[in-house]
Amino acid sequence: MATQLIRKGKKFRPLAKRPQLKRAPATRIWRHGAHNAFTDLCLFQGHYYCVFREAAAHVSPDGALRILKSIDGKRWQSVALIQSSIADLRDGKLVVTPDDRLQLLGAGALHDRSQYSYQSYVWFSADGEQWSEAIDVGEPNVWLWRLTWQQGFAWAIGYKCGGGPRLVRLYRSEDGVNFSVWVQTLNNQGYPNESALLFLPDERAVCLLRRDPDVALLGIAKPPYFDWTWQPLNCRVGGPQCLLLPDGRILAAVRLYDRRVRTSLAWLDVDSTTLTEVLQLPSAGDTSYAGMVWHQSRLAVSYYSSHQGRTAIYFCRPRQLPPA
């Protein structure tokens, strides 16, 4: 289970300035909570479902996961609020299971930290509105960040938190509940944490991995996904998410830190190991954590931002994606 890091010298390629960079229009769909943040987006049974954390502050003990539903991306209704008496629930992620259920992944920052500090959970729903009880998954103090179903298996990358060595691990599950460690130390260069994982048509796995305060890493592996090659990207990112489009291009939604903090869409070039920013979402300050789906030949994006004051949830459907 080897992990190789390829360095490209001491200087990294900066993001090129794009003075004509367009800004996509976006609609604010929720700001009822004091702090609304950390979104994800999924298409399930013909409807958009958007999940996010609603709480008193960016870090507070009362975090709950609210789920909104929409048929057209214009009119939204709240259909669920998932709460916990023992934890601050954070970073909900939605995915459709192979047996056509909606699965929610989230992490809990526990109130009682006498044994450990964090625990990941999953919930299931047949209709997006009625949800199961929380089910503990993974290992304590390893934050499972996102689920990706591929050929009947659920894959997840988790990062170590709550003390100890800083690293990420790769997990695999046959049922989306019982996860076994697939790669014990997927990467431990710097402070690796949030990730986006997707599988290409040739079955290669691609991982966009956040590191702080360093530039992001791009990881690539062939089946059975034991041996990974890592290369540094040309920029630092936060809240990474990636989407493989029907034409084979990879679109990333990330928080960018150069010049001005913002949430943007960028093309990810696996061969050149670069991100090219192409579309800025209306955003600033406390912002990021986008969800993306491709529906009816068009992109849909959810994210959060504080550019209009209090943090709120936004939805965007760009009419056209600029070329790289």
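Start by selecting Cys 242: this residue is buried, at 10% relative accessible area (buried means under 20%, exposed over 50%, partly exposed in between, with a 1.4 Å probe and protein chains only). Before you click further, note that this is a predicted model, where local features need pLDDT of at least 70 and side-chain atom pairs count only at pLDDT 80 or more, while totals for chains, interfaces and linings use all residues. Residues are numbered from 1 along each chain as its sequence is written, and side-chain values use heavy atoms, leaving out hydrogens and water.

How many disulfides are there? The count is zero, taking a disulfide as a pair of cysteine sulfur atoms within 2.5 Å. For Cys 242, the nearest cysteine sulfur belongs to Cys 207, 8.4 Å away. Now hop to Cys 316, whose nearest cysteine sulfur is that of Cys 50, at 13 Å. Cys 316 is buried too, with 1% relative accessibility.

Next, pick Arg 210, in strand β17 (residues 205-211). Strands here are DSSP runs of E, at least two residues long, numbered from the N terminus. Is Arg 210 buried or exposed? Buried, at 11% relative accessible area. Show its side chain together with that of Asp 212 and you'll find a polar contact of 3.0 Å (a pair of N or O atoms within 3.5 Å; within protein, one must be able to donate a hydrogen and the other to accept it, and residues adjacent in sequence count only if both atoms are side-chain atoms). Leaving aside residues up to four places away in sequence, Arg 210 also touches a list of residues including Tyr 191, Glu 194, Arg 236, Tyr 257 and Tyr 289, where contact means heavy atoms within 4.5 Å.

Switch to cartoon for the sheets. Two strands pair if DSSP finds at least two bridges between them.

Zoom in on β9 (residues 102-110) and β10 (residues 118-125), joined by eight bridges; Gln 103 sits opposite Phe 124 in β10.

Last stop: the open sheet β2-β23-β22-β21-β20, five strands with mixed pairing. Its edge strands are β2 (22-23) and β20 (237-244).

Technical notes: Helix = DSSP H or I, 4+ residues; strand = E, 2+ residues; numbered from the N terminus.
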